[in-house]
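This report describes selected parts of a two-chain model. Please view the sequence and the structure together while reading.

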Amino acid sequence: MKNKQSLFSNKNKGTLFSDEKKKRVIVAMSGGVDSSVAAALLKNQGYEVIGIFMKFWTEDNDKTDLVRENICCSLDAATAARAVAQKLGIPFYVVNFANEFKKAVVDYYIKEYEEGRTPNPCVICNRDIKGEVLLKKVLDLGGDYLATGHYAQIKRKGGICHFYQGSDEKKDQSYFLWTLTQEKLAKMLFPVGNLAKPEVRDLARKMNLPTAERRESQGICFIPDRNVADFLRRHGKKLAKSGPILDKEGNVLGQHDGLINYTIGQREHLGLGGPDAYYVLELDSRKNALVVGEDVDLFHKNLIVEDVNWISPEFAKKEKAEVGGRIRYGHPIEDCVTIKVGSEYQVSFVKPQRAITPGQSIVFYHKHEMVGGGIIKKINNQKD
Amino acid sequence: MSLDKQVYLDYAATSPVKKEVLDAMLPYLTEKFGNPSSLHSWGQESRQAVDDSRRLIAKFLNVKEKEIIFTSGGTESDNMAIRGIIIGLGARLKKEAAPMHIITSQIEHHAVLRTCQYLEKNGLAEVTYLKPNLDGIIDQNKVKEAIKENTALVSIMYVNNEIGAVQPIREIGKMIESENRKRTIRETRIYFHTDAVQATEYQEMNVEYLHVDLLSFSGHKIGAPKGVGVLYKKENLPFQKMIFGGEQEMNLRAGTENVAGIAAIAKAIEILQENKAEKVEAVNKMRNYFIEKIEKEISDIELNGSRELRSPNNINFYFKYIEGESILLNLDLVGIAASSGSACTSQSLEPSHVLVSVYDNPERAHGSIRFTIGEKTTNEEIDYSVEKIKEIVEKLRAMSPLVPEK
């Protein structure tokens, strides 16, 4: 096998069919307004634009029942994306990544839950699907760049890609993109990253894009009814078993009805009686136990992070760094220090953080630049 | 995007309407617009077009006029044939009788497969899906072995749309006839349907020669427009219609006739019979040229389907180490139309059920491309296409992590 990295080196820059003066950009079009505007802006800037719609896995894919009544949402999205491509007069293709998506994202998602962690499938999709399979397709098509409708910005200085938050802070999606690398970023464009969402909608209206008023997608794409517990009940059998509810000291307080029903930080009466509600502190999948306590028990300063990826070459070199850390999407960025310990990093926040959740990503910032990230392995009790 | 050259190599997907066909159909859209069921002269004019067309097609298939049913296309013809027989027989048989048995193959068009699966799911039939041999051919002995007491229908396609494998329809038909002779008068006969959508232009279509009871074909594959097809159904078969309403098409398919489409499909049949042998030979030669050229120019490839029992218009290759999807998209970007078999409604590519069935190798299914040529395809077009295919394959292989190190 050849080294996979070579895929993204300059040697393979797709120039066979691409006019050097007119760079070819492949836009991942989801049927949403952001990627629609991204495609339109690139077209107006004079790029040769090709639209690609990715078909991901849905539960129907695995059913033998041949009447697939539930594909309307994805067909709907594909139709919307195609309508934009037709309006712009660009080639448009639907590619089927169902198998790759199932393996990389869905199986991972289920397995993480089974191990008592709370995964972030969008992060993994960006790493393994958009950042690998799709980027490979872009190179296959002779594309110079892959563009998406993410709210994030790349600023290229001295041969290095600096990854900045989207300028619309409410919409900033840099959190989901920490797995990207310099090699990949060199081939990526985020045409709406410097715009605010209302500006994007305005542009879509001005350009008469048929997706201008399309609703925003929410939640996890392969769980359209957003019922995670039901989905996991169907796919992760051992998660539905009842087990003990423990306090911090390990005393049994009662029985829970399956770990899938709980997330860290959740406030529940748990049928245990008494006036006070309990807070979920931990999902212990080995013992199939739910560990509960008081709200104050949810606050921690120290954690251990694995699978760390530094986008910034400057930060990659550091054994110790002062950065801003964000422990989940939408959470504020708070001051912390990272210290390299073997292949992992110890992270210490200045202020305690509520409900640090293993499996979620922690993403590091330096001012508005996103410099890297990793996956939360556990709370570092020894230091707390 | 401006392209210097465009080459259409997807004639099995659909074909352009021929000039003579267009001329033949146009009057029935404009001045001769009458409803064939109307008694007045407008109606009679249209009626004559439908009758003439039916006569011409009956003659082409060597059957009776009343055995020709005009439909909306190959898919409707297939649906109608299979459901018509199974539900028609069910009405004749007693309720407590076991569901009827259908024998078909794993490599049929979805119009057949989905219909069988629908009947299966609703408890109206049990179905055996035969696996083809390594050339993509259904062995008639396997059909014979699959026959059971309650077997009522065999449906095997004439020419496979993806790999061009030509099935031994005549042999299967004769075998079924001899099986039927062994049956008592109380037992149901076995009826034989063939989907001949991909065979019409190039194979023997004489029903008496083929020994079939039902046969489907479509207009848009042979130079007529989309939206018209034919089902041949032998007279006096137990048969239930699917579309209810008026008494058009011998009371077997309701709805005002698509007169222009019917005139068109008849004209297309008339044209394809002129010098058929020479035309088939010419396309066959072109196909061989295409196959040989690819085999000479490009390494690490395999021909899908049978070399000998192969439709004259079909070229289908497995290009190792790379994805067919990427080849197709790149071909489209340089103006060459090909296919990987069947496209689903969302235009995305599913792994071909035909290649999966024949080769048991998902990689082969993902790495294969079908080119289908037509009468108008030229050597120059083939030369140009093979040159582009070669460039694309080499480019993709240079980037593929699957290519073994030399």
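The text below goes through chain A and then chain B.

The model is predicted: local features need pLDDT of at least 70, side-chain atom pairs count only at pLDDT 80 or more, and totals for chains, interfaces and linings use all residues. Residues are numbered from 1 along each chain as its sequence is written, and chains are lettered from A and ligands numbered from 1 in the order in which they are written.

## Chain A

The domain assignment divides chain A into domain 1 (4-206), domain 2 (241-293) and domain 3 (299-379); such bounds come from an automatic or database domain assignment. Five residues from domain 1 of chain A and seven residues from domain 2 of chain A make up the contact, where two residues are in contact if their C-beta atoms, placed from the backbone, lie within 7 Å. On the domain 1 side of chain A that touches domain 2 of chain A, one residue is nonpolar, two are polar and two are charged. In these classes, Ala, Val, Leu, Ile, Met, Phe, Trp, Tyr, Cys and Pro count as nonpolar, Asp, Glu, Lys and Arg as charged, and the others, Gly among them, as polar.

Strand β1 (residues 24-28) of chain A pairs with β2(A) in the parallel sense over five bridges. Strands (E, at least two residues) and helices (H or I, at least four) are DSSP runs, numbered from the N terminus, and two strands pair if DSSP finds at least two bridges between them. A:Arg24 has A:Glu48 in β2(A) as its bridge partner. In strand β2 (residues 48-55) of chain A, eight of eight residues are buried. A residue is buried if 20 or more other C-beta atoms lie within 10 Å of its own, exposed if 12 or fewer, and partly exposed in between, with C-beta atoms placed from the backbone. A:Glu48, A:Ile50, A:Ile52 and A:Met54 point one way from β2(A), while A:Val49, A:Gly51, A:Phe53 and A:Lys55 point the other way. In a regular strand the side chains alternate between the two faces of the sheet.

An unreviewed UniProt entry places the feature "active site" at A:Cys125 and A:Cys221. UniProt positions are given in the numbering used here, feature names are shortened, and annotations may be inferred rather than shown by experiment. The two positions are spread over 97 residues of sequence, yet the largest C-alpha distance is 10.7 Å. A:Cys125 sits in helix α4 (residues 121-140) of chain A and touches A:Val105 and A:Lys130, not counting residues up to four places away in sequence. A:Cys221 lies in the loop between α6 (197-206) and α7 (228-235) of chain A.

The unreviewed UniProt entry also gives the annotation "domain: tRNA-specific 2-thiouridylase MnmA-like C-terminal" for residues 301-376 of chain A. This span is 5% helix and 66% strand, and its end C-alpha atoms lie 13 Å apart.

The table gives C-beta neighbours for selected residues of both chains.

| Residue | C-beta neighbours inside 10 Å | Class |
|---|---|---|
| A:Cys221 | 19 inside 10 Å | partly exposed |
| B:Gly219 | 33 inside 10 Å | buried |
| B:Asn35 | 14 inside 10 Å | partly exposed |

## Chain B

Chain B is assigned domain 1 (7-16 + 275-399) and domain 2 (19-273). The C-alpha centres of these two domains of chain B lie 28 Å apart, and 25 residues of domain 1 are in contact with 26 residues of domain 2. On the domain 1 side of this contact, α10 (276-297), β10 and α12 (353-359) of chain B each give two or more residues. The largest share of that side, five residues, comes from α12(B). By class, that side has eight nonpolar, 14 polar and three charged residues.

Chain B has an open sheet of three strands in the order β9-β10-β12, with antiparallel pairing. Its edge strands are β9 (301-303) and β12 (368-372) of chain B, each pairing on one side only. Strand β10 (residues 314-319) of chain B and β12(B) pair over five bridges, and B:Tyr318 stands opposite B:Ser368 in β12(B).

B:Gly219 is in the loop between β7 (214-218) and β8 (229-233) of chain B. B:Gly219 and B:Glu270 are 51 residues apart in sequence and 12 Å apart in space, C-alpha to C-alpha.

B:Asn35 lies in the loop between α1 (19-25) and α2 (41-61) of chain B. With the same exclusion of residues up to four places away in sequence, B:Asn35 touches B:Gly43, B:Ser46 and B:Thr256. B:Asn35 and B:Tyr129 are 94 residues apart in sequence and 42 Å apart in space, C-alpha to C-alpha.
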